[in-house]
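Good morning, and thank you for making time on the agenda.

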Amino acid sequence: MDINIVPLNGGHLDGMEELERQCFPDPWSRKTLEALLEDPHAYGLAAVDGAGTFLGYTSLHVVLDEGHINNIAVHPAMRRQGVATALLLALRQYSLAQNLAFLTLEVRDSNLGARALYAGQGFAEVGRRRGYYAHPKEDAIIMTLEFAT
C-alpha cells in the first residue's frame, strides 16, 4: 500500500472526526479538532493513500523540548498495514529536526497491540496513571522515547 504522510489541515477534519468516533470511547469534538489545527504549539500529520484517501492521523503538542503525542488513529480497515508506523516515523523525524529531548504518550493498559507498536519503535514504559481513562475505567501506561543529546 502507498502511504503518504502530509501535514494535517482543515480538509482532513471530516476524516479526523470520523476516526475519533471509530477509535476512541471518548472522541474529541470537531471544535477540539479545529482548535488543534490552529494551535501554534501543536503539530499534526495525516496518512493518505495514493488516491488521497484519509487513512489516519496523529498529533502532538510541543512544550519546550518535549513532544507529547495526543492521538494516533488509524482507520480500522487499514490497521496492521504500516500506517501507524509511518506516522510514528514521521513524528520522530520532526522531533529530531526540532531538537526535542523526547516523545511521550499515554496508552490504555489493555491496548497490547499499540503498546507493542510503540515498544517496537523504541518507546519504553516509564510509568502508570491510575484510572486515567474513564470509559471504561482503566489505567494508562506512560511510554517515552528519549533522543540522545
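Please keep in mind that this is a predicted model. I begin with the largest nonpolar core, which has 26 residues; among its members, Ile69, Leu103, Tyr118 and Phe123 touch the most others. Two or more residues come from each of strand 2, strand 3, strand 4, helix 3, strand 5, helix 4 and strand 7. Helix 3 is the leading contributor, with seven residues.

What does Leu103 touch, once residues up to four places away in sequence are set aside? Its contacts include Leu60, Gly67, Ile69, Leu91, Arg92 and Ser95. Also on the list are Phe123, Met143, Thr144, Leu145 and Phe147.

There is also a second, separate core, with 11 residues, including Leu13, Leu36, Tyr57 and Ala73.

Seven strands form an open sheet in the order 1-2-3-4-5-7-6, and the pairing is mixed. Strand 1, residues 4-7, and strand 6, residues 124-134, are the edges, each pairing on one side only. On average, and ignoring direction, neighbouring strands of the sheet are turned by 25° against each other.

Ala124, for instance, has Thr144 in strand 7 as its bridge partner. Thr144 is also one of the residues that Leu103 touches.

Helix 3, residues 83-97, lies across strand 1, strand 2, strand 3, strand 4, strand 5 and strand 7, and it runs at about 30° to strand 3. Helix 4, residues 112-120, packs on the sheet as well, touching strand 4, strand 5, strand 6 and strand 7. The direction of helix 4 makes about 165° with that of strand 5.

Finally, the remaining helix pair. How do helix 1, residues 13-23, and helix 2, residues 30-38, cross? Their axes come within 10 Å and cross at roughly 130°. Helix 1 is therefore oblique to helix 2. The crossing of helix 1 past helix 2 is right-handed. On the helix 1 side, the contact is made by Leu13, Asp14, Met16, Glu17 and Glu20. Helix 2 supplies Arg30, Leu33, Glu34, Leu36 and Leu37.

Thank you; I would be glad to take comments.

Key:
Residues numbered from 1 in each chain as written. Predicted model: local features only at pLDDT ≥ 70, side-chain atom pairs only at ≥ 80, totals over all residues. Heavy atoms only, no water. Pairing = 2+ DSSP bridges. Helix = DSSP H or I, 4+ residues; strand = E, 2+ residues; numbered from the N terminus. Axes fitted to C-alpha atoms, helices over the stretch in contact; angles between N-to-C directions. Contact = heavy atoms within 4.5 Å. Core = buried A, V, L, I, M, F, W, Y, C linked by side-chain atoms within 4.5 Å. Buried < 20%, exposed > 50% of the residue type's maximum accessible area, 1.4 Å probe, protein only. Parallel < 35°, antiparallel > 145°, perpendicular 65-115°, else oblique. Left-handed = near helix turned anticlockwise from the far one by under 90°.
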